[in-house]
Amino acid sequence: MTVFFIGAGPGAADLLTLRADRLIRSCRVCLYAGSIVPPEVLEGCPEDAEVINTARMPLDEITEIIARADAAGHDVARLQSGDPSVYSALAEQARRLTALGIDYEIVPGVASFSAAAAVLGHELTVPTVGQTVILTRVSGRASAMPEGEDLATLGASKATLCIHLAAHDIERVVSELVDNYGVDCPAAVVAFASRPEEQIIRGTLQTIAQQTIDAGITRTAIIIVGQVLGASGFPDSYLYSDDRPRDEHGRTIPCVQ
């Protein structure tokens with residue numbers, strides 16, 4: 001028996017990986033985290049599968065369900081939104097399974113920031129403009145941020161920021177970034193990326209807070225801030241450069257100094 005922590009992606013069922021889809025269709029028990037996993041993603045569950053909404057369950061109760069499935073020899077599909085490596089509360093679940101001797105496996109999914117960048121039509125790393133992406137959030141009721149990971153500190157790098165779980169506090173986000181990025185820095189908010197209810201807001205740090213408030217966006221959204229969202233007139237990357245030495249297979253030939 002194995003518990004599969006499955007990245008269910010940003011919402012659209014056709015953004016599930018082939019592995020995720022195969023496991024959802026084969027596991028006898030499926031645990032999903034409420035409305036952040038759309039019904040379409042659950043349609044592949046076997047007709048006789050036990051499908052359980054864990055949105056309001058404490059972790060100990062979830063662990064008991066998994067332990068019962070383990071005793072019965074049933075694999076478990078544990079659906080997480082986006083990719084399990086980012087803000088999925090995976091660590092505390094894995095610790096409990098390890099203590100019980102229950103095997104688990106992580107199945108990657110399409111992360112929400114990737115889906116947001118896709119619907120915006122932007123690459124998050126642009127030559128000579130921005131080559132670093134920081135995934136972060138803000139302190140809140142759920143948990144505090146570690147020392148040195150506040151937005152003002154991270155923003156000193158002027159890297160592209162993908163800020164999760166913060167749309168409800170957009171005014172605070174802007175106030176902590178504007179000194180480093182300036183009021184004219186491009187910004188965007190994407191809510192429910194890839195879903196029918198998807199919302200896209202584009203603006204600058206001067207306008208994005210009010211735009212987001214006016215749109216009524218408070219959750220299930222990514223805030224992206226950085227010059228890459230407005231980059232133009234920049235050179236092509238080295239990948240496509242005629243100056244790039246290649247072998248007969250198109251691979252870069254390392255330069256020997």
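Reader: Quick one: what joins the side chains of glutamine 80 and glutamine 93?

Author: A polar contact of 3.4 Å joins them. The term covers a pair of N or O atoms within 3.5 Å; within protein, one must be able to donate a hydrogen and the other to accept it, and residues adjacent in sequence count only if both atoms are side-chain atoms. Bear in mind that this is a predicted model, where local features need pLDDT of at least 70, side-chain atom pairs count only at pLDDT 80 or more, and totals for chains, interfaces and linings use all residues. Residues are numbered from 1 along each chain as its sequence is written, and side-chain values use heavy atoms, with hydrogens and water left out.

Reader: Is glutamine 80 buried or exposed?

Author: Buried, because its relative accessibility is 6% (buried is under 20% relative accessible area, exposed over 50%, partly exposed in between, with a 1.4 Å probe and protein chains only).

Reader: And which residues is it in contact with, leaving aside neighbours within four places in sequence?

Author: Glutamine 80 touches Phe5, Ile6, Gly7, Ala8, Gly9, Ser88 and Gln93, contact meaning heavy atoms within 4.5 Å.

Reader: Which strand is glutamine 80 in?

Author: Strand E4, residues 76-80. Strands (E, at least two residues) and helices (H or I, at least four) are DSSP runs, numbered from the N terminus.

Reader: What's the strand order in that open sheet?

Author: The order is E3-E2-E4-E1-E5, five strands with parallel pairing; two strands pair if DSSP finds at least two bridges between them. E3 (50-53) and E5 (103-107) stand at the edges with a single partner strand each, so one side of each has no neighbour in the sheet.

Reader: How many bridges between E1 and E5?

Author: Five, in the parallel sense, with E1 covering residues 2-7. Valine 3 sits opposite tyrosine 104 in E5.

Reader: Switching topic: what domains does the assignment give the protein chain?

Author: Domain 1 (3-107) and domain 2 (112-230), with bounds from an automatic or database domain assignment. Their C-alpha centres lie 28 Å apart, and the contact takes 11 residues from each of domain 1 and domain 2.

Reader: What area do domain 1 and domain 2 bury between them?

Author: About 740 Å², 60% of it on carbon and sulfur atoms. That is the accessible area (1.4 Å probe) that two parts lose on being put together, summed over both. Pro10, Val86 and Tyr87 supply 62% of the area that domain 1 buries against domain 2, more than any other three residues.
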